[in-house]
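Subject: Structure handover

Hello,

Here is the structure for you to take over. My notes on the ligand site and on some strands and loops follow below.

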Amino acid sequence: MNLPPHLTIREGQLAIGGIDCATLATRYGTPLYVTDQDRIVSLFRSFRDELSSRYPKVKVLYAAKANGNLAILRALAREGAGADVFSPGELRLALSAGMAPGDLLFNGSSKSTDDLSLAVESGVTVSVDSFDELRQLDRISQKKGKETKIAFRVNPAIDVPTHRKIATGLATSKFGIPHDRIRDAYREALACRGVKPVGIHCHIGSQILATEPFAQTARVMAEIVRDLVRMGVTLEFIDLGGGLGIPYHHYEEERAPTPADYASAIIPPIRDVSAELGINPALWVEPGRYLVADSTILLVRVNSVKKAHKNFVNVDAGFNLLIRPAMYDSYHEVVVNGRAGMLPSETYTITGPICESGDILASDRRLPPIGAGDLLAILDTGAYGFCMSSQYNCRPRCAEVLIHGGEAALMRRAETIEDLTATMQIPPWQKE
Ligand SMILES: *Cc1c(COP(=O)(O)O)cnc(C)c1O
């Protein structure tokens, strides 16, 4: 089995960051998300270094939506990361994690006037997604006597080989301004007094396992940059978004680009256009999944095994805690703790406790024998895992544990039944 260095197997037992999963499950209960902080930091450093060794000014903005736990934002803030934020909540968390407003890009295709006011007051850069938003932001910014830095989000119309729900750069996607209208957007922005266009932004999608779409995007962006500079736009940065994928298969070889491959794909068009025009913009990138996905496992306990149409393994977490398999048909490797590395004996389908037929974490997996009470680890659940969880079926969310230097601590306690009702109100006519 190919595992990242923070996951180890000894005598069939899986450990994360040097701590046995069985110990973690006993100490904190299941289901349980467990994250290795040192893994995230080491991926961040290598990612940043591969880019910085090829281009003079690089800023890595972690896409906070991938995993917005404050402890993770803090760990990355300490490394000098900024953040790509998509909501007032993410914006506030990134600031409270210690990130500087100048290192944040406030993104989104549907921002309210309250969202825009917060952005203006916080002094973050805004990625503007429509002409309508530009005019609103300009008005708000002028009213507050500010000049807000903006980039436009370009839709580069690039077909990306990934799941259709996570392709965001298609011509038909809801994100971005069509690239044939983008010059008009900058022209209008140059005439605004409340905003200043200083950057250009795009993001083509997620879990991309080829470098060509990134290279193609960089070429499209370089082409637009050439026109913008001629129009008199002074570009402080070119932001190429995130989307670098990771290998989710660990029992077989799955090829994935390295940060070096990624850097080699995106940098040449940007370096060339900068040299040609004599400009010096920073390169911004927004990795989410790549930095956090493999840092985390979801530990689940087997409630029962049922031989029916299939061998169903009923565990204590379902799409309430990990929606990716149900929503994106995504694949997460499963490890049977205690029998990790043993030869498979059966084909199992791992299902959760939610009242939906689609509540499946893993389908038709060849695994070692599984019985009630066993502990399973679902791998690579650090990105779009806990952050997409819900209380569906009135199940409180589970705890999240962080590991660093051989020590484990809670970074989020489990919710209780009281948490489920904490925001509910009894309407007056029901109070007698
Ligand atoms: C989601 C998102 C990212 C991160 O995508 P990953 O695939 O997790 O790297 C970056 N930028 C924007 C604008 C996004 O919406």
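A pocket here is, on a 1 Å grid over the protein atoms alone, an open set of points with protein on both sides within 12 Å along at least five of seven lines. A molecule sits in a pocket if more than half of its atoms lie within 2 Å of the pocket's grid points. By these criteria the ligand sits in the largest pocket.

The model is predicted: local features need pLDDT of at least 70, side-chain atom pairs count only at pLDDT 80 or more, and totals for chains, interfaces and linings use all residues. Residues are numbered from 1 along each chain as its sequence is written, and side-chain values use heavy atoms, with hydrogens and water left out.

Ligand site

There are 16 residues around the ligand, and those that come nearest are K65, S206, E286, R289 and Y384; a residue is near if one of its heavy atoms lies within 4 Å of the molecule. The shell divides into four nonpolar, seven polar and five charged residues. In this count Ala, Val, Leu, Ile, Met, Phe, Trp, Tyr, Cys and Pro are nonpolar, Asp, Glu, Lys and Arg are charged, and the others, Gly among them, are polar.

S206 places a polar side-chain atom 2.4 Å from an oxygen atom of the ligand. Two further distances involve the backbone: a polar atom of G288 is 2.9 Å from a ligand oxygen, and a backbone N or O atom of R289 is 2.7 Å from a ligand oxygen. On its own the ligand has 380 Å² of accessible area, of which the protein covers 96%; areas come from the Shrake-Rupley method with a 1.4 Å probe.

N-terminal strands

Helices (H or I, at least four residues) and strands (E, at least two) are DSSP runs, numbered from the N terminus. Two strands pair if DSSP finds at least two bridges between them.

Strands β1 (residues 7-10) and β2 (residues 13-16) are antiparallel and share four bridges, with R10 opposite Q13. They form a hairpin with two residues between them, and E11 in the turn has a positive phi of about 45 degrees. β2 is also antiparallel to β3 (residues 19-20), through two bridges, and A15 stands opposite D20. This second hairpin again has two residues between its strands, with G17 in the turn at a positive phi of about 55 degrees.

Together the three strands make an open antiparallel sheet in the order β1-β2-β3. Since β1 and β3 are at the edges and have a single partner strand each, one side of each is left without a neighbour in the sheet.

β15 (residues 311-315) runs parallel to β17 (residues 346-351), joined by three bridges; N314 has T351 as its bridge partner. β17 also pairs with β18 (residues 360-367), in the antiparallel sense and over five bridges, where I350 is partnered by A362.

Backbone points to check

The peptide bond from T30 to P31 is cis, with omega near -10 degrees. P31 lies in the loop between α1 (21-28) and β4 (32-36). D329, a residue other than glycine, has a positive phi near 55 degrees, and lies in the loop between α11 (324-328) and β16 (334-336).

Regards

Note on methods
A polar contact is a pair of N or O atoms within 3.5 Å; within protein, one must be able to donate a hydrogen and the other to accept it, and residues adjacent in sequence count only if both atoms are side-chain atoms. On a 1 Å grid over the protein atoms alone, a cavity is a set of points where a 1.4 Å probe fits but cannot get out, and a pocket is an open set with protein on both sides within 12 Å along at least five of seven lines; lining residues have an atom within 4 Å of a point.
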